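Hi,

Here is the structure I promised to pass on. Have a look at it first, and then read my notes below.

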Amino acid sequence: MLAKLSPRPTARRCAIASAAGLALLGAGLPAASPDGSEPDLSRFYRQKVTWRKCEGMEMPKDLQCGKVTVPLDYAKPRGPTLDLALARYRATVKSRGSVVLNFGGPGGAGVGELAGGAEDFMGLTDGYDVVSFDPRGVGRSSPVSCGDDAEQSVLVTAQDSEITADPRAVLDRIREAAATCAKHSGPVLPHIGTVNASRDLDVMRQALGDKKLNYLGFSYGTRLGAVYAAQFPKKVGRFVLDGVDTLTEPLSEQGVAGAAGQQRALEDFLDWCVKDIACPFGTDARSAREEVVRLVESLDEDPVPTDFGGEFTGQDLVGAIGQALYSEDLWPTLERALASLVEDGDTRALLGLSGGRSGWRGSGLRAGAGAGANGGLVDPEEVPLDNLPAALMAINCADDPDRPGADRISRDLGRLRAAYEEASPVFGRYRLIEYLMCYGRPKGTDFIREKVRDVRAPKMLLVGTRGDPATPYRWTVQTARRLGDSAVVLDNRDEGHTGYASSTCVHGKVDAFLLYGSLPPDGSSCGPESDRD
């Protein structure tokens with residue numbers, strides 16, 4: 001659920017501590033404890049970020065880069081550490097501090113997203129340094145990877161049309177893939193997840209010199225923001241959560257909701273497409289939906305070769321379509337890409353929509369190359385190409401406490417598959433495999449499901465979009481109830497994933513709150529932008 005903040009190609013890809021120690025922060029998590037009863041984190045809370053010009057030809061000249069160091073294991077702060085990559089645009093006037101952005105995923109690398117999507121946030125530099133970061137396990141911050149062997153195992157499973165015929169064999173392959181992911185990811189993998197990422201955020205807040213954290217989170221970034229508010233309620237500044245994630249639904253139900261949302265978005269796209277003479281699926285919307293299903297099935301049975309040496313399958317097509325459906329601005333691009341495939345067998349444009357490659361196949365980088373020495377930052381060219389899907393799986397599994405055994409999964413798989421395919425004949429199987437990928441991994445935390453509720457923090461603005469294909473509007477309502485009186489809901493009556501970049505109204509209300517503290521009334525709304533021709 002990486003927020004699609006802009007149709008631009010680059011954006012598509014993708015409180016100072018005293019010497020004697022700090023008082024307890026938020027929900028009882030210590031920065032330092034002189035009596036030794038709690039882990040001593042004071043050395044992490046004393047650091048300051050050193051900013052330098054970002055290196056790399058594609059980096060904007062006015063973007064600065066830095067890092068912050070955090071413990072690998074917060075229970076053992078004297079043990080190994082991790083460096084987290086940061087980037088910022090400086091305030092154009094006297095800065096009142098920082099606003100920290102998380103673009104979603106999970107697994108989205110914030111440094112690259114900020115570098116490519118600067119225009120969307122320049123208004124915030126009227127009062128803030130605008131900062132983003134690569135969370136632990138992501139981008140340059142000790143990136144996780146699953147390696148080539150696990151990729152092939154996962155891809156075979158994803159293309160298995162007989163998944164209910166021998167579920168134990170499928171689960172065995174998934175367990176093997178999980179073991180390979182652990183092998184390639186290194187020591188960060190057991191310590192990945194939103195609870196630790198939230199604690200990293202608080203170290204970051206202090207290192208930036210802010211007494212409170214001002215935050216703008218998109219999609220998965222709303223989960224991270226909600227967890228921070230529960231852990232550190234007294235450190236919450238101005239918080240905006242756009243494209244609100246669920247805090248309670250298990251991954252199995254999240255997958256069905258995601259498949260249904262993407263199916264609705266696909267049907268909206270096809271309704272628009274068939275009105276254009278260039279649409280590769282003809283002029284009838286019902287026939288077009290059937291054509292898409294047949295195309296996916298055909299490519300799964302007989303993939304086409306790509307310029308990268310791999311094959312383009314039906315599930316690769318599903319992934320590319322899903323990425324393009326995040327924003328209506330991408331519909332013309334998707335139409336042209338599908339036409340190139342249908343008419344010429346050319347997959348290049350679709351590969352561009354899905355990140356420039358087929359599935360998770362590498363192209364020039366060895367998988368698992370991202371583990372930095374002693375937790376240091378890795379070079380950008382050494383980030384494994386499968387880092388985003390590997391991190392997405394790792395973080396989602398670390399955040400979910402449900403681990404049904406093989407017997408239960410085998411019993412339920414037929415029912416689950418029927419539910420997923422009823423939600424979407426195109427996206428159902430793709431989403432079902434995502435759910436199954438937690439099999440063979442350690443049980444995740446129950447903190448989010450059990451503890452993130454009735455947060456005693458300042459007012460937070462939650463933006464929900466009615467036609468969001470990834471985070472349905474009902475999640476905004478449910479999460480607001482879960483957070484309690486601190487939640488204020490803005491109803492964006494429009495389409496697309498998140499509202500900040502696509503809605504002038506949402507953008508204005510978010511900026512007004514972050515810059516001036518002007519909060520819209522709870523339940524107020526923004527109407528749809530002008531209709532597409």
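Two bits of housekeeping before that. This is a predicted model, so local features need pLDDT of at least 70 and side-chain atom pairs count only at pLDDT 80 or more, while totals for chains, interfaces and linings use all residues. Residues are numbered from 1 along each chain as its sequence is written, and side-chain values use heavy atoms, with hydrogens and water left out.

Disulfides first. There are five of them, a disulfide being a pair of cysteine sulfur atoms within 2.5 Å. Counting the bonded cysteines of the protein chain in sequence order, they pair 1-2, 3-4, 5-6, 7-8, 9-10. In one of the five, the sulfur atoms of Cys-146 and Cys-181 are 1.9 Å apart. The torsion about that S-S bond is about 105 degrees, so the Cys-146 and Cys-181 link is right-handed. Cys-146 lies in the loop between β5 and α4 (147–158) and Cys-181 in helix α5 (residues 167–185), so the pair ties together parts 35 residues apart in sequence. (Helices are DSSP runs of H or I with at least four residues, strands are runs of E with at least two, and both are numbered from the N terminus.)

Cys-397 and Cys-438 form another, with their sulfur atoms 2.0 Å apart. Here the torsion is about -95 degrees, so the disulfide of Cys-397 and Cys-438 is left-handed. Cys-505 and Cys-526 are bonded too, also with 2.0 Å between their sulfur atoms, and their link is left-handed, at -70 degrees about the S-S bond. Cys-505 is in helix α18 and Cys-526 in strand β12 (residues 524–526), 21 residues apart. At 28% relative accessibility Cys-505 counts as partly exposed, whereas Cys-526, at 0%, counts as buried. (Buried is under 20% relative accessible area, exposed over 50% and partly exposed in between, with a 1.4 Å probe and protein chains only.)

On to the rings. The structure has 11 aromatic pairs; rings of Phe, Tyr and Trp (its six-membered ring) pair if their centres lie within 6.5 Å, with planes under 30 degrees apart stacked, over 60 edge-to-face and the rest tilted. Phe-121 and Tyr-500 have ring centres 5.6 Å apart and planes at 10 degrees, so they are stacked. Phe-269 and Trp-331 are edge-to-face, because their planes stand at 70 degrees, with the centres 6.0 Å apart. Phe-269 and Trp-331 are both buried.

There is also an arginine over a ring: the charged end of Arg-466 sits over Tyr-473, 4.1 Å from the ring centre. (That needs NZ of Lys or CZ of Arg within 6 Å of the ring centre and within 35 degrees of the ring normal.)

Cheers
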